Amino acid sequence: MCAPTSTAAQKSATDLEPSEDIKAFIEPYAQLFKNGQRSPVLRNPSQYGMKYEDIFFPSLDGITLQGWFIPSPGSKKLIIANHPMTCNRYGFPGHLEGYGGFGGFEVNFLPDYKAMHEAGYNIICYDLRNHGISDTGCGGMCGALGYYEARDVVGSLQYARSRAETKDNSVGLMSRCMGGNATLHAMTLFPEYFKGIKAMILLQAVSGHAFVEKGAKDLGLDVNATVAAFDKRIHDLTGFYLADLTPIPHAKSVTCPTLFAQVRKDSLIDTKDSQEIFDALSSKEKELVWIENTTRRFDGYNYFAKEPRKMLEWFAKLESTKRFYHLSATIMFAMKPTGAAPARRIVKVGIVGCGMITQVTHIPTLNALSHLFQVTCLYDVSEDAIKHSQFKVAGASKPRAAQSVEELCKSPEVDLVLLASNHAFHASEAILALQADKHVFIEKPIALSLQETDRIVAADKAAGGSKVFVGYMRRYAAAFIDAVKEVGSIGQIRYARVRDIIGPNSTFISQSATFLRTFNDYREADTADLHRKTQEDTKQALQNELDIDMTKDRKVIRDYLSMLGSHNLSAMHRLSRGTSSTLRGN
C-alpha cells in the first residue's frame, strides 16, 4: 500500500445517521487509532542488572527516535523490538491513573530483554513515533495502524547496521501488535532492508476491523451499521478507510521463519483475524501459538516475560544450529526406552563439560530441539563455566549444577549423559553413566586408546547394549551421505586420501554468534590430573598398543588424529563400508 485506499462500497457507506450508542462506541476507538497514546518510560535495563546505552537515531523519513541499546559483549546476534500502540520500549503503565483502559495492569518488556540478554543477544528497543519520548511524526497521526511506523522499523535496521557492535550481527525481530503491523507494512514497502532477517516473533498483529466488529457484537449493536459508521469516521479523521487498517495484504511479504502468538480468547477482537494473518504469511517455517487461560489482550504482551523458553527457542534460529538437527534427532530416536514411555517424550540431558563445544554447539542445538530434549543438569571443574552455561540454556527452569560426574550420572532428572569433557576422561565417565543405567552421547573421539575403548564397550554390553553413541556428526551431513552413495557404486576401494585444511578454532567459532567464554577457576589438582591421564593414554596407545616410540612428532600427530582429525578417520571408515582393518595417517 502506497497511500490510503478506498472502494466504491466504502464511499457509499450508509448515509443513515448512526445511533447514539454506535457513536459512543466508535468515537474512542477512532481517536485512539488516529492519535495513539503516549505513555511514560517507567523502567530501565539497569533495574534488571543490564548495562545499557541511551540511543537516538532517525527514522527513514527523518523523525528522531529514542531507545536503548543493551549490549552483550562479543555477541554476533541482535534482537530489534517494535512495540504495540500505547506502549513504548519499556512496556505500558496500565497500573497508573489515566492508563487503566486495557485491564488496569502493567505490561513490562524488561524481563523479555533480560532473558534475551542472558542468552547472549544484543538488543535494540526504541519508541515508535508519537510514543514514549520519540518525536512527533506525521502530524501526530498513527493513521493505518503501522503504515507510517513502517519507516521507524526501517530506521532501526539502518541504525543497527551502522553500529560497530551490531553491523555484522544475525538479526531477529520481536514485533508486537502495531509494531508487528508496521513490520509487515515495511516488508512490503521497503523489502530491500529485510534481506537476511533470520527470524521474527509476531505478537498479536491485528486488523482494525477485528476490534470494531467484536465490540459491536459484545454491545449488541448492528455490526454492519457500526462498521460503516466507523469507516466513515476514521476516514474523516485520518484519510484512511477501515480496509486500510489491516496487515493481511502485507503478510505475504513475510518470508523469514515467523512465530505468531495471540491470546486465543482475546476479549477485544475476533481471533479469526489472527488466523487469517497467520495463514497469509509466506514463511515456509511458521508456527502459531495460542496463549491460553486469559481473555485480556494485554496479558499477551507479558506472555514471553513469563514463558521465555519459546521465545529463546525461536530466536535460536539466529544461530548455526540447523545443520546439527539430523544428528540430534538420530540420538533421540535411537534411544531404547528403559520402560514404557510415550512416543516423542522429552529426553532429559545432563552435560559433563561446559567448554567450547557445549557453549557453541550442544546447548544452542538442544535449545532449538526443545520439543525433544531438555538440559536438566551440568557439571564442569569450573563453577564459572557452569554458571555461564546455565544462562545459555533456554527456558525459565535452569539446569541444576552437579558437584561431581557421579552425582550427575545418578540423578533421576537425567536420561542421557552427554560427555563433552576432555577425551582422557571419556571412559571413566561413560562407565559411571552406564552403571547408572543412562544412555550416553560421547563427543569424538570415544577414547584415546584401544584399552579405554574396550572398557566402554564392555560397560555398554553389561548395561544391555546399544546405549552409547559417538558424536561423529559429519557422517550425517547431506554432502557426506551423498558421497557414501556415490562410493557405494564404484566397486572395491584400493586407495583413498583425505586432505583436510584446518585453521584455528577461532576462525569459525567467532562466526557462530554463540557468545563463547573461557574460564580458569579450576584447581591446580585438576590440571595435574588431566596431564597425568593424558600421558598415560599416550603411552598406552603408542608404546603398548602400536609398539612405537613416543617421539615429539608422533605425539603431535596423535593429538591431531584424536581431535578434528578423528572425523577423517571416521569418514574413511564409513566410506570404505566399515571393512578396512588398517588406516594410516601421514
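Figure 1. The structure, a predicted model, contains zero disulfides, a disulfide being a pair of cysteine sulfur atoms within 2.5 Å. Cys87 takes part in no disulfide, and the nearest cysteine sulfur, that of Cys177, lies 7.9 Å away. With a relative accessible area of 0%, Cys87 is buried; here buried means under 20% relative accessible area, exposed over 50%, and partly exposed in between (1.4 Å probe, protein chains only). Cys409 is likewise in no disulfide; its nearest cysteine sulfur belongs to Cys377, at 9.1 Å. Cys409 is buried as well, its relative accessible area being 1%.

**Figure 2. The salt bridge between Arg151 and Asp61.** A salt bridge is counted where a side-chain nitrogen of Lys or Arg lies within 4 Å of a carboxyl oxygen of Asp or Glu. In the pair shown, the closest N and O atoms are 3.0 Å apart. Helices (H or I, at least four residues) and strands (E, at least two) are DSSP runs, numbered from the N terminus. Both partners are partly exposed, Arg151 at 21% relative accessibility and Asp61 at 35%. A network of salt bridges joins Asp61, Arg129, Arg151 and Asp152.

**Figure 3. Salt bridges of Lys23 and Lys272.** Glu17 pairs with Lys23, and their closest N and O atoms are 2.6 Å apart. Glu17 counts as exposed, at 61% relative accessibility, whereas Lys23 is partly exposed, at 29%. In the second pair, Lys272 forms a salt bridge with Asp270, with 3.9 Å between the closest N and O atoms. Lys272 is exposed, at 56% relative accessibility. The count for the structure comes to 32 salt bridges.

**Figure 4. Helix α3 and the glycine that follows.** Helix α3 spans residues 110-118, and its buried residues are Leu110, Asp112, Tyr113, Ala115, Met116 and His117. An α-helix has 3.6 residues a turn, so residues three or four places apart point the same way. Gly120 follows α3 and has a positive phi, near 95°.

**Notes to all figures.** Residues are numbered from 1 along each chain as its sequence is written, and side-chain values use heavy atoms, with hydrogens and water left out. In this predicted model, local features need pLDDT of at least 70 and side-chain atom pairs count only at pLDDT 80 or more, while totals for chains, interfaces and linings use all residues.
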